[in-house]
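What follows is a walk through a structure, going from single side-chain pairs to the chains and then to the contact between them. Please keep the sequence and the coordinates at hand.

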Amino acid sequence: MIINAKAAFSQEQTDALVARCQQGDQGAFRELFEQHHRRVYALCLRLLAEPAHAEDACQEVFVQVWQKIDQFKGQSQFSTWLHSVASNIAISYLRKQKNWFQKVVSFEQSGLDEQGAEQLGELNGLDKLIVRLPERARLVFVLHAVEGYRHEEIANMLNMAVGSSKSQYHRARNLLQEWYNND
Amino acid sequence: MTKPSFDEFMHTALNDEQSQPAPQRDLWQGVERAINQAQPVQSPKQSNWQKLSGIAACTFAGLLAWQVIMSQPKQDSLANISAFFEQQKQSLLVQYETQPALTSDWQTQLQELEQAELAVKLALKQDPENAALLNMLAQVYQQQLDLINKVHEPRWQQI
C-alpha cells in the first residue's frame, strides 16, 4: 500500500490545530482559517452565486466553527465536518436572503446570465457555468457532484423529495453540458 | 486541439484546487472581531438580559400587531401599526447604534424591506380593510425588527 505522506502529514497537522483550538488557542484557529477558508469560500460562492454573500457566509462559517469546535469529536475528517457546516450555513443564508415577496410567493430564482457570470472575475470554466444554473439545480449539483452528498441527504437538507433532487441534478448536468458544448 | 469531453472537463475543474476563486477582501478581520465579541465581555446575566429584551420586543410587537389586525380592521389600523413599529424600530436602532453589525449589507436588506413596506401601504390605501394586506404589512415590519436584531446579536443557526 502506498501511503500519501503529504496528505497524512497535513491531516496530522490539522488534527493538532483542532486540538489547540479546542483549548481556546486563537492563533491555531487562524492557521486553520488560512488552510481552509478558500475552499469554504469557493463552496459558498458555488451555492450562493454572489461573491459578497459568499464572503459573509464564509465568515459566518468560521465564527460558528469556533463556537462549536468542542462538538467536533474527530469521527470524520475536519474538512468533511467543516464543509457540512459550510453547506448548511450557505443554504440557510440563501433562505434568509430571500425577500418578503419571494418568501410569500415561492418561486425559483434563475441563475446569472452569461455576462453576469463573466463579471464575477477569476472563476474557472466550470464555476462560471455553475453560477448560471437556476437556484435549485445549482444547489443540488454542487452538493451532489462537488461535495459528494447522496440524494437522500440533499433531499433532507433542501426540504425536497429524493426524486426532485435527482431530477434537478440531471437538469443541471444537461444545462452545463449544453453550455459547455456551445461554448 | 480537440475539446475535452464534458466529463473530462468537469473532473479536471473539480480537482484543480489552484483555480478556486478567492475572496476579494480579508475575511479574517471580521471573523476575529466576531469571535472576540462572542466571548463574555459582560456578565452572563447582563448579556442574557439584553438578548431577552430584544426577543421580547419582537414577540410583543408581533402579538400586538396581530391583535390590532384581528380586533379592529378599521381605517386607523394602518396608522396605529405603523406608528407602533416605527417606534420599535427606532428604539432598536438606537440600542444597537454603537454596536458593529456582523454583515456589511444589512442596510441594503433593510431598505428592501422598507420598499416592501411602502408597496403594501400603497395597496392598503386602495383597500384599507384587507386583512391579508395588513397581515403582510405586520410580517414586513417583523422582518425589519428581526433583521436589526439578527445582524447585531446573531443567534447562530444549529450546525
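Which side chain does A:Glu152 meet in a salt bridge? The partner is A:Arg150, with 3.8 Å from N to O; a salt bridge here is a side-chain nitrogen of Lys or Arg within 4 Å of a carboxyl oxygen of Asp or Glu. A:Glu152 is partly exposed, at a relative accessible area of 43%, where buried means under 20% relative accessible area, exposed means over 50% and partly exposed lies in between, with a 1.4 Å probe and protein chains only.

The model is predicted, and local features need pLDDT of at least 70, side-chain atom pairs count only at pLDDT 80 or more, and totals for chains, interfaces and linings use all residues. Residues are numbered from 1 along each chain as its sequence is written, chains are lettered from A and ligands numbered from 1 in the order in which they are written, and side-chain values use heavy atoms, with hydrogens and water left out.

Over all chains, the salt bridge rule gives a count of 10. One of these pairs is A:Glu34 with A:Arg30, whose side chains meet at 3.4 Å, N to O. Both residues sit in helix H2 (residues 26-48) of chain A, and because they are 4 residues apart there, about one helical turn separates them. Helices (H or I, at least four residues) and strands (E, at least two) are DSSP runs, numbered from the N terminus. A:Glu34 is partly exposed, with a relative accessible area of 42%, and A:Arg30 is partly exposed as well, at 36%.

A further salt bridge is formed by B:Arg25 and A:Glu55, whose closest N and O atoms are 2.8 Å apart. B:Arg25 lies in the loop between helix H1 (6-15) and helix H2 (28-38) of chain B, while A:Glu55 lies in helix H3 (residues 51-68) of chain A, so this pair joins two chains. A:Glu55 is buried, with a relative accessible area of 6%, whereas B:Arg25 is partly exposed at 33%. The two residues also belong to a network of salt bridges that links A:Glu55, A:Asp56 and B:Arg25.

The chains can now be taken in turn. Chain A has 10 helices and 0 strands, and from the N terminus on its elements run α-α-α-α-α-α-α-α-α-α. Of its 183 residues, 49% count as buried. Contact means heavy atoms within 4.5 Å; of the contacts in chain A with a separation of 6 or more, 58% are accounted for by residues 24 or more positions apart.

Chain B has 6 helices and 0 strands, in the pattern α-α-α-α-α-α along the sequence. Of the 159 residues of chain B, 35% count as buried. Among its contacts between residues at least 6 apart in sequence, 77% join residues at least 24 apart. Chain B exposes about 9,800 Å², of which carbon and sulfur atoms supply 55%.

The C-alpha atoms of B:Leu124 and B:Leu137 are separated by 9.2 Å, the two residues being 13 residues apart along the chain. B:Gln109 is also in helix H5 of chain B and counts as buried at 16% relative accessibility. Leaving aside residues up to four places away in sequence, B:Gln109 touches A:Gln97 and B:Leu147.

How many residues does each chain bring to the contact? Chain A gives 50 residues and chain B 44 residues. The area buried between chain A and chain B is about 4,500 Å², and carbon and sulfur atoms give 60% of that; buried area is the accessible area (1.4 Å probe) that two parts lose on being put together, summed over both. Between chain A and chain B the count is 3 salt bridges.

Terms used. Areas by Shrake-Rupley, 256 points an atom, 1.4 Å probe, with all protein chains shown as cover.
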